[in-house]
Amino acid sequence: MRILILISIITSFQLFSQTNLIINTEARNTTSLNGSWHYIVDPYENGYYDYRYTPFDHYKIPSRGAYYMNAKKQNKSDRIEYNFDKSDVISVPGDWNSQKENLFYYEGTVWYKTSFDYKKTGAQNRQFVYFGAVNYIAEVYLNGKKLGTHVGGFTPFNFEITDLLKEKDNFLVVKVDNKRAADAVPTLNTDWWNYGGITRDVKIIETPANFIRDYKIQLDKNNNKLVKGFIQLDNNEATDVTIQIDELNISEIVKTDNSGYAEVNFGINNLEYWSPENPKLYTVKLTHNNSSFKDHIGFRTIKVEGTKVILNDEPIFLKGICLHEEFAPEGRRANSEKDAIQLFDWLKELGCNYVRLAHYPHNEYMLREADRRGIMVWEEIPVYWTIAWKNKSTYNNAENQLVETVTRDKNRASLIIYSMANETPNSDARLRFLTNLAYKTREMDDTRLISAALELHAQGKERLIRTIVDPFAEVVDILSFNLYLGWYDGRPDKCSKIEWKIKYNKPVTVSEFGAGAKYGFHGDNETVWSEEFQAHLYEENLKMFDRLDQLAGLSPWILVDFRSPRRVLPEIQDGWNRKGLISDKGEKKEAFYILQKAYKNK
Ligand code: GCB
């Protein structure tokens, strides 16, 4: 029976809206603002609110007490109670927790400041300041003027600074607040570290007066000889844009309408399709008003047919693993291309063709690396566990994070699945929330699949039947579930007794299974935390999943041990979730080789 779902109309909420995101920033004319920034830790938000708790932002005449004014003492009677230039420095990009011992557990406000000179390269040019991500709320000010606010810790945003930028002595101040909140996305409760700070690159982008801000150049979902998409200029202008793919002798001219928008629609022949075996990327050149830049784009189709996932007309099994955006050997957020290369080296060694980037959008280096290395990607937004489903602004926040993710990554061939949520409990409000997100995703990009990490339900007298009872299963393209059989649910030998009863005619991927193990701790199969226990659990689980007819892929939990404040057991966890196949020091546990062997034989 089809379930009718009432879609509520939710209007966009100003605070979160970020529709003017510039994509493919690595190909633009940019100046990095990465480096050492001064910072002030401000748990009472003294630099933001006055003593009546009125934000300085609301003052008509700016107060020099507001930290974003970066005020300097002008004479001996001048009382200024902060001084960025005499405050400590911190690296950007980078989380503060791993850089400063006293900020290890800190959740709250930290002010960042950098000063710089800037020479514009063209008189008519425009400039934007771009942040790869700031966790979680960023209030951004240039030269004492507010540029705007961004909410959400894992997606990029930019503000125009053309009119404020000077040749000398600019100061950019960012108030970063990573306090968790019940109505935020994610909410209060997660099983990962709430790394605070300016965690990704910061740069100034310089563009012509009008420029190509956004575009989608991808194969049509149902026709692998047709490129479809759009070009969006930043300003309204009816003009020509040229799309060139020299290797394929393609040079297409599209005409933008009065709103600067053009549809892209052209035939393409003799393509080498992108796949894990042949991650072919074409250089695509976009030209508008004599100004050009390039992207490296792969072409492939992905769809489902019955219970199969079909890549370029062939069924494919997703041999994957989950991953947090963390560089464990240094106990910090991953933030560079070098980090991405190390993580993908491990994925390749394990024999993966697929990765689940949990539980929020990872940095763009990861998607670029996935494109180059032929690893298909599941990308998700941090709608995790107990979100405030009924709260409109929570929805708007989630939707905005989704929109920013799709906007940034829709030209990456590796990206095949958008996930709407992880382990969320059934309710009408949750169904409405997730369905709205799914509709929004399809409206923006119908060339990829939609999923969510769902929960399973136990049935039968002995509760050994596993099934999905979830109306959101009707909405997704691929069913996925997390299942900790042998860890949170019984012993590993229970796996052999499980019966599957999944009624939907859709492919199924196991989005998580696993067990904790401390590298170097040995025991028998039944000794919890031993490498042997984890390896045995993998063996039993893999056999159990082999009996699931619709099985189209696996992404066990997880490639590398990761930091979590929930994991406090001394001598075993010490602040780390130990379900990694690789330890926090980079050592491979026995289960790594079990999965590697299973993937070799698939
Ligand atoms: C889960 C969550 C994941 C946790 C994992 C665990 O189901 O999705 O975020 O870290 O279990 O280790 O318990």
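Biologist: Which side chain makes a polar contact with the side chain of Asp295?
Modeller: Asp295 sits in strand S17, residues 291-297. Strands (E, at least two residues) and helices (H or I, at least four) are DSSP runs, numbered from the N terminus. A polar contact is a pair of N or O atoms within 3.5 Å; within protein, one must be able to donate a hydrogen and the other to accept it, and residues adjacent in sequence count only if both atoms are side-chain atoms. At 2.7 Å, the partner of Asp295 is Tyr215.

Biologist: What kind of model is this?
Modeller: Residues are numbered from 1 along each chain as its sequence is written, and side-chain values use heavy atoms, without hydrogens or water. Local features need pLDDT of at least 70, side-chain atom pairs count only at pLDDT 80 or more, and totals for chains, interfaces and linings use all residues, as the model is predicted.

Biologist: Is Asp295 buried or exposed?
Modeller: Buried means under 20% relative accessible area, exposed over 50%, and partly exposed in between, with a 1.4 Å probe and protein chains only. Asp295 has a relative accessible area of 2%, so it is buried.

Biologist: Which side chain does Arg578 contact?
Modeller: Arg578 lies in the loop between strand S36 (576-577) and helix H6 (590-601). Its relative accessibility is 6%, so Arg578 counts as buried. At 2.9 Å, its side chain makes a polar contact with that of Asp584.

Biologist: How much of the ligand's area does the protein bury?
Modeller: Polar side-chain atoms come up to oxygen atoms of the ligand: 2.3 Å for Glu423, 2.7 Å for Glu512 and 3.4 Å for Tyr484. Accessible areas follow the Shrake-Rupley method with a 1.4 Å probe; for residues, only the protein chains shown count as cover. Alone, the ligand exposes 320 Å², and the buried share is 97%.

Biologist: How many charged residues does the shell around the ligand have?
Modeller: The ligand is surrounded by 14 residues, where near means a heavy atom within 4 Å. Ala, Val, Leu, Ile, Met, Phe, Trp, Tyr, Cys and Pro count as nonpolar, Asp, Glu, Lys and Arg as charged, and the others, Gly among them, as polar. The shell has 5 nonpolar and 4 polar residues; its charged residues number 5.

Biologist: Why is strand S6 largely enclosed by the rest of the structure?
Modeller: S6 spans residues 137-142. It runs antiparallel to S7 (residues 145-151), with 6 bridges, and antiparallel to S9 (residues 170-177), also with 6 bridges. Two strands pair if DSSP finds at least two bridges between them. S6 is largely enclosed because, of its 6 residues, the number buried is 5.

Biologist: What is omega for the cis peptide bond from Asn135 to Tyr136?
Modeller: Tyr136 falls in the loop between strand S5 (126-131) and S6. Another cis peptide bond joins Val92 and Pro93, with omega about 0°. For Asn135 to Tyr136, omega is near 15°.
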